Amino acid sequence: MIMLDEEIVEFHLKKQSSFFEYLTLNDSSGSYLLSGNKGIGKKDFALYLSKAILCDTSKVLKGIHPDFYFLDTDKDKITVEDVEAIESWLDSPPFESDKKVIIIPSSQRLSIIAQNKLLKILEEPPPYLFFFLLVSNTSMLLPTVRSRCIDINFDFLPDNLVLNYLEKDFDDKNLLDLAVFLSNGAIEKNYFCNEENLKNLIDLVAIIAKKEVWKTDILLDKIDNIVKSKIDSKVLTSSIIRVLTYFLKNKCLSNNTHLEVENSFSTISNIRLVELISRLDSFNTTLNSSNFNFRMGIEEIILDFILGNKSKEDLIS
């Protein structure tokens, strides 16, 4: 059974009402790129569209509709064999409906060979086919694939939807507020979506903020332990950036987060925090395009912040 979140669908329907109306016309078809950050509900919306297109309310979600194909795979890469299976499925015309629908979630995982194989379908699709490629990073797709699809970009989810999704995992409402900010408009379940792990992240950031050089070994051990839990290094760096940004934002707005670590940020100049966030952000971009050693890189940036020279604003204040 494929799950669908009606609240998320309702939010996107308001934003994509014209697109929905166009797709549900009798003479429409085509290939569409549903793009946007991971965890914002692209799959939910595509499933809702599929139900509407195929005029079915149960078989689509049960995965038993003969005219519906959902590529469900946990593999790191979507292979040419996966695309060949889609080609074989397309050989026969629609059975129950007058349309066929294909959904490929996380299509950025398509290998280059698989994408080239997919081009044949995109270039010469049967007139009854709706093809939805869901993607969180369009740059991972070949320009030839992107050019043959209509790109529909999806917005971040509002905080109230994210809060509804997370609140069952948090007793501490102050931590919940930070978790919502950390989620950045998405409800993708990640390592820091529970109180214990989020507290560990705050402790890590607190050592950095307080510049407790004598706790450097503890800091690096915390990073190692998080990495050993198989969290993606880019997700970890992004999470550190978001926590720093959260406290910087509240500091600038004079908002009280009611979190103990908040006092540590009152002694750090805004310029120094922005410099640290900027360096971490640049480092995160580097992680996308190189085999740079994560542990060494993050250690260098953090130690430079803890031990480095004071900025001009520090000297003035």
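**Pockets, cores and local geometry**

In the second largest pocket, helix H3 supplies three residues, the largest share of the lining. The model is predicted, and the values given here are computed from its atoms. The volume of this second largest pocket is about 680 Å³. A total of 28 residues line the pocket, and Gly39, Lys43, Asp44, Pro105 and Glu188 are the closest to its centre. Sorted by class, the lining of the second largest pocket comprises twelve nonpolar, six polar and ten charged residues.

The largest pocket holds about 1500 Å³ of space. Its lining is made up of 33 residues, with Lys38, Ser136, Asp232, Lys234 and Val235 nearest the centre. Helices H9 (173–183), H12 (233–252) and H14 (270–289) are the elements that give two or more residues to the lining of the largest pocket. With seven residues, H12 accounts for the largest share. The class composition of the lining of the largest pocket is nine nonpolar, 13 polar and eleven charged residues.

Helix H9, one of the elements in the lining of the largest pocket, is largely enclosed by the rest of the structure, because eight of its eleven residues are buried. The buried residues of H9 are Leu175, Leu176, Leu178, Ala179, Val180, Phe181, Leu182 and Ser183. The cover over these buried residues includes helix H8 (159–166), H10 and H12.

The largest nonpolar core contains 83 residues, and Leu34, Leu47, Phe68, Ile103, Phe132, Leu198 and Leu244 have the most contacts inside it. Helix H10 (residues 195–210) contributes nine residues, the largest share of this core. A second, separate core has 24 residues, among them Leu33, Trp89, Val135 and Leu141. Phe68, listed among the residues with the most contacts inside the largest core, is in contact with Ile2, Leu47, Ser50, Leu54, Val60, Trp89, Val101 and Ile103 when neighbours within four places in sequence are left aside. One of these contacts, Trp89, is included in the second core, whereas Leu47 and Ile103 are listed with Phe68 in the largest core.

Ser107 is placed between strand E3 (100–104) and helix H6 (112–123). With a relative accessible area of 0%, Ser107 falls under the 20% limit and is therefore buried. Residues up to four places away in sequence not being counted, Ser107 touches Ile78, Leu133, Leu134, Val135 and Leu141. Of these contacts, Val135 and Leu141 are included in the second core. Ser106 also lies in the loop between E3 and H6. Ser106 counts as partly exposed, at 26% relative accessibility, whereas Ser107 is buried.

Backbone geometry gave two residues of note. Most residues other than glycine have a negative phi. Ser106, a residue other than glycine, has a positive phi near 45 degrees. Asn184 likewise has a positive phi, near 55 degrees. Asn184 is located in the loop between H9 and H10. The relative accessible area of Asn184 is 32%, so this residue is partly exposed.

No disulfides are present: the structure holds zero. Among the cysteines, Cys55 is exposed, at a relative accessible area of 71%. Cys252 has a relative accessible area of 49% and is partly exposed.

Finally, Glu299 and Pro66 were compared by position. The two residues are 233 residues apart in sequence, and their C-alpha atoms are 53 Å apart in space. Glu299 belongs to helix H15 (residues 294–307). At 24% relative accessibility, Glu299 is classed as partly exposed.

Key. Residues numbered from 1 in each chain as written. Predicted model: local features only at pLDDT ≥ 70, side-chain atom pairs only at ≥ 80, totals over all residues. Heavy atoms only, no water. 1 Å grid on protein atoms, 1.4 Å probe; cavity = no way out; pocket = protein on both sides within 12 Å on 5 of 7 lines; lining within 4 Å. Points joined across faces, edges and corners; volume = space filled by probe spheres on them. Helix = DSSP H or I, 4+ residues; strand = E, 2+ residues; numbered from the N terminus. Nonpolar A, V, L, I, M, F, W, Y, C, P; charged D, E, K, R; others polar. Disulfide = S-S within 2.5 Å. Buried < 20%, exposed > 50% of the residue type's maximum accessible area, 1.4 Å probe, protein only. Contact = heavy atoms within 4.5 Å. Core = buried A, V, L, I, M, F, W, Y, C linked by side-chain atoms within 4.5 Å.
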